[in-house]
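Hi,

Here is the structure I promised to pass on. Have a look at it first, and then read my notes below.

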Amino acid sequence: MSNTAISEATMRGVLEQLPHMSGQIVDGTRHEKVLSYMRLFLASDAAVEQLMSWNALRTLAECLQPQSDMRVTATAVRFLGDAFRARSGKVLWTAVHATQIVEWIVDNADSPHALVRVAWLHFMCQASYINDHAYAELLDRVDYPRLLLRRLLDSSYFVVASACMLLGRLFHVNTIDPKLSALIEQLVARPFALQTSARKAAVLATAQTLLLLKNKDVQVFVHRVFAQPVLEPYLYDVDRLVRDRALDVLELVVLDVDAMGVRELVAALARRVDGCVVLRCLAAVVKQLPRNRCIEGGEARRLGLMIANMGVSLLLSIHPAVDGSDVDTIQMQITSSDVDSTEAQITSSGVDSIQTPITSSDVDTIQTQVAKAAQQSPSASSMIACEAARIVREHSQTTFSAHTASSMCLLLSNPRVQQHTQLVQLVLSTLLQTLRLAHNRTHVQMVPQLICTFAIRAPGLRGVFDLALELLGSCNAEFVQGLEHAIRTRIVDVEWEARDTVLEFVTRAVREHAWPCVELLVTRQVVDDAVRALSDAEEYVRASAAYLLAAVVERGDEERARYVSEHKHLTQSDLARLVADSEAFVKRAALDLVHALGTRGVGMWIECLTYRTLYDLADDPDFEVRVRCARILALLTQTSPVNTSELQSTSLLLEMCRDSSRYVRAECLRSLRELKQNTPDVDMTSEPEPKRVYVGERTDLWKLRNVDLAQLEASLSAEHLYQEALDTQVARELMREKSDANAGNNILDCY
């Protein structure tokens, strides 16, 4: 939403009409749009003064009548709360206490309408930024501890979320409020077995809210009230939503516990039998250990490595290597220097070696129990393997381990793992993150081998290509040549998503790196593959191939650009067919290719265009196609006068200056500015030069050069369009229902 202040006259009209907003409106988002519009007014420095001069409090009080639509009431209360945060908001707050609005606030603290309860909490939360004696009195009048308890136990998620925001504000303002402290202790005190789902959600939401405050005194209080024995049963609740919320709280708790606290947590987990939940908790611990504020870095790394190695061992025990499968299948190169470096890193962290068996009895117990649980059924085995992989993935975010890298390669080469798409994704993402942290570049030679692994489907392939793109600029010719062989292997994949991903990668490489870095990647054979892909049955592949060829023409050297333009399978008819494709996104890519050829001055790019083609493109329903059409028309006007006359490009460009899309008009504006800079003034009194500029075309060119650029530019501002739509629609249309319920009346239509 824009922060541009709206006109005072319009705002006053909307405000005065708010109490009379039709109750027959069915679309509740209409009220949200009105509120968003009114909030824009608060961006003005004089907003509060204007509201006071209009006696806005009287108008807002009219919205609080018993017969008022509850949506209008909620809108008015929320707007008033937001006004307290505006400049001079304290003046408005003082004025509120001289009206009946405060009495309404007191009387409706327990409104039966969820919308009003949310608005009430929002009002109190915004007023807390003033926090004067009057605010404290208002809190006492509504008995705020009991009120907050009721709101935290509310059946509406939105009410609970708003209550948490107010709770956080009150703790932020008063640090440790004895009344609120007693409230939270009361909330947690009920035995877990007797708690309803709503109470469990309230307990966890409260804990998460207070932990996020990052106040030292509050943290001490929270860790005392929500001690590990209190939190533990929530982690094993039968309701998945409760378990997930408890994991979020656990992550925040781990940030501020010492090493002994982590050991106690692991010991508690060792006493549980639910393997998946135990592993999820350990993943949360591993994720937060590097950010822990109470554990020394070396100790945190040691604890994290111990748990991560347990995860690796679990994975290898669930999916042991099969005959003929080892790390060399993917040709992972781990030199002795890599192992030495890793061992030195681990030794400095307090662990003798990554190959040393885990000695912690608690971790050993967990590994044994979870491994037994994995043997119960294939589904249990699959779930546990995924959770173990998540532990290793979290550890790989911050720590390189050659042992982890080699183990992940071994898993990727396992046919059983390859049948499990989710596990392949987790293992692959772990491996890629590990390689990003590698101490030297010997590991990157395996990236092309990963690309050639057909078990890695399109989503995983994108991750591999992201890593390859990062490495491309600093790698040797051997790596680039291996990459070229790999992409030529996968560009013929039977899965169209993989073919599309390969083409997108090469396009990004050409766009993001200097040509000398990618010259060995974009060979003639790769260009041949891309040209053949222009006829692919899948439209996304056709579009990606066209984008790739356009990038090569734009950024490649002269030899490669001419190879594309003169390719025997990229004829005039091939380009024309691509430009006339039934899919808009293919037409966009085709027009980018035509424009690239025209800008470079190579190929038969003009020959694929006709007046009818350009006319259809200028009238295409897709505005991005029209943007590209305007770009080509401008290029035609500047580079080929004779063809310009035959294709009537200037007259079409003139018409496009009045296009309904501001993006198309913006492209026309840019083109016209270039024309004025690059072409001489046209003398309308002189005789036209034969065979160069026709009279009709010269007239169009003269008109083109005399378009009012200032007026055209003024029509491009998104704020201008939004303002215009608001001024004409909000007061007259949005706030009343027409005979056809909810027909139109959308202030966002301009987007």
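T75 touches L18, H31 and L35, leaving out residues up to four places away in sequence; touching, or contact, means heavy atoms within 4.5 Å. You'll find T75 in helix 5, residues 70–83. Helices here are DSSP runs of H or I with at least four residues, strands are runs of E with at least two, and both are numbered from the N terminus. T75 counts as buried because its relative accessibility is 3%. Buried means under 20% relative accessible area, exposed means over 50%, and partly exposed is in between, using a 1.4 Å probe and protein chains only.

Before you go further: this is a predicted model, in which local features need pLDDT of at least 70 and side-chain atom pairs count only at pLDDT 80 or more, while totals for chains, interfaces and linings use all residues. Residues are numbered from 1 along each chain as its sequence is written, and side-chain values use heavy atoms, with hydrogens and water left out.

Now the overall picture. The chain has 43 helices and zero strands. Out of its 751 residues, 54% count as buried. If you take the contacts with a separation of 6 or more, 75% of them are between residues 24 or more positions apart.

What about the inside? In soluble globular proteins, nonpolar side chains tend to be buried together. In this model the largest nonpolar core has 246 residues, and L282 and L521 are the ones with the most contacts inside it. A nonpolar core is a set of buried Ala, Val, Leu, Ile, Met, Phe, Trp, Tyr and Cys residues joined through side-chain atoms within 4.5 Å. Setting aside neighbours within four places in sequence, L521 is in contact with L472, V480, L483, E484, I487, F505, A509 and V526.

Next, two helix pairs. Two packed helices are described by the angle between their axes and the distance between the axes. The axes are lines fitted to C-alpha atoms, for helices over the stretch in contact, and the angles run from 0 to 180 degrees between N-to-C directions.

Take helix 19 (residues 297–318) and helix 23 (residues 402–412): they pack at about 20°, and their axes are 11 Å apart. That angle makes helix 19 roughly parallel to helix 23. Under 35 degrees counts as roughly parallel, over 145 as roughly antiparallel, 65 to 115 as roughly perpendicular, and the rest as oblique. The crossing of helix 19 and helix 23 is left-handed, meaning that the near helix is turned anticlockwise from the far one by less than a right angle (clockwise would be right-handed). On the helix 19 side, N309, V312, L315 and L316 meet H403, T404, S407, M408, L410 and L411 of helix 23. The residues of this contact split into six nonpolar, four polar and no charged. Here Ala, Val, Leu, Ile, Met, Phe, Trp, Tyr, Cys and Pro count as nonpolar, Asp, Glu, Lys and Arg as charged, and the others, Gly among them, as polar.

The second pair is helix 34 (residues 572–579) and helix 35 (residues 584–600), packed at about 140° with their axes 8 Å apart. Helix 34 and helix 35 are therefore oblique to each other. L575, L578 and V579 from helix 34 meet V586, K587, A590, L591, L593, V594 and L597 from helix 35. This contact has nine nonpolar residues, no polar ones and one charged.

V586 turns up again with R542. R542 sits in helix 32 (residues 539–555) and is buried, because its relative accessible area is 12%. Not counting residues up to four places away in sequence, R542 touches A533, L534, S535, D536, A537, D581 and V586.

Now for some loops. Where is H20? H20 lies in the loop between helix 1 (8–17) and helix 2 (29–41), and at 59% relative accessibility H20 counts as exposed.

Most residues other than glycine have a negative phi. N55, though, has a positive phi, near 55°, and is in the loop between helix 3 (47–53) and helix 4 (56–62). N131 also has a positive phi, near 50°, and belongs to the loop between helix 8 (114–127) and helix 9 (133–141). N55 is partly exposed at 40% relative accessibility, and N131 is partly exposed with a relative accessible area of 36%.

Cheers
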